[in-house]
Amino acid sequence: MTDQPYHHGNLREALLEHAVRTLEDSGPDGLSLRQLARDLGVSHAAPAKHFRDKQALIDALAKAGFEMMNGAIAAAARKKGSLRSRFEHVAKAYVDFAVSRPTLLSVMYSTKHESGSGDELRSIGEQGMLVALALIEEGQKSGELAEGDPGTMAMVCFAGLHGTAMLAAGKHLEGVSTQAIVKAVTDTLWAGMAAGANALPPA
């Protein structure tokens, strides 16, 4: 097969888009640069112009995944409404992304936490948390949320929502809708952050 110009647009973006679909269908083991080339009708050497090997493709998928997720979270945080409603919008955006792309989400976090991950990927991977952090700090300034370390509070929120997302993606919610469980989890998280230390029983 000889090299041919890619006539469908940007080859790199097309490879990433097709790789995301393949990832969700077949997992990381199902990814192959040669197969992606065959599926897109280009030479087997064409993907190498953008990704030197499979690991480079996975790294790029992780970065693209965080960029997509961060975009959805940031847009949710900018919605009109109360701070409480914006918090719920952000939570829903995260869970919706996780449910629609569970394998990609797993690859994103595993790649980010590998010892050889680059500064750029780690920075992009933290941006969603920074959105939550900003909402919590805004709530503390307005008096809607109690004082406390906003970083710890953001991590607690992430833990609760990530667990919710994994259960929803695996269809383990025992008949409860994703929308209902996100509402219940955000209500609980918000109430806890609003009560702060006052909600803790005496030692």
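**Exercise 1. Determine which helices the buried residues of helix 2 pack against, and which residues these are.**

Solution. In this predicted model, where local features need pLDDT of at least 70, side-chain atom pairs count only at pLDDT 80 or more, and totals for chains, interfaces and linings use all residues, the buried residues of helix 2 pack against helix 1 (11-26) and helix 3 (54-77). Residues are numbered from 1 along each chain as its sequence is written, and side-chain values use heavy atoms, with hydrogens and water left out. Helices are DSSP runs (H or I, at least four residues), numbered from the N terminus, and contact means heavy atoms within 4.5 Å.

The next step is to name the residues: in helix 2 (residues 33-40), Leu-33, Leu-36, Ala-37 and Leu-40 are buried. They cover an arc of only 100° around the axis, which places them on the same side of helix 2; the arc is that of the directions from the helix axis to the C-beta atoms. Buried means under 20% relative accessible area, exposed over 50%, and partly exposed in between (1.4 Å probe, protein chains only).

Finally, consider what follows the helix: just after helix 2, Gly-41 takes a positive phi of about 75°.

**Exercise 2. Find which residues touch the most other members of the largest nonpolar core.**

Solution. A nonpolar core is a set of buried Ala, Val, Leu, Ile, Met, Phe, Trp, Tyr and Cys residues joined through side-chain atoms within 4.5 Å. Of the 57 residues in the largest one, those touching the most other members are Phe-51, Leu-57, Leu-61, Met-69, Tyr-94, Leu-105 and Met-193. Helix 3 gives the largest share of this core, 11 residues.

Taking Leu-61 as a case, and leaving aside neighbours within four places in sequence, one finds Leu-61 in contact with Leu-16, Ala-19, Val-20, Leu-23, Leu-31 and Leu-104.

**Exercise 3. Identify the salt-bridge partner of Arg-84, and state where the two residues lie.**

Solution. A salt bridge is a side-chain nitrogen of Lys or Arg within 4 Å of a carboxyl oxygen of Asp or Glu, and a search of the whole structure finds 11 of them. The partner of Arg-84 is Asp-187, with the closest N and O atoms 2.3 Å apart. Because Arg-84 lies in helix 4 and Asp-187 in helix 8, the pair ties together parts that are 103 residues apart in sequence. As to accessibility, Arg-84 is buried, with a relative accessible area of 17%, whereas Asp-187, at 31%, counts as partly exposed.
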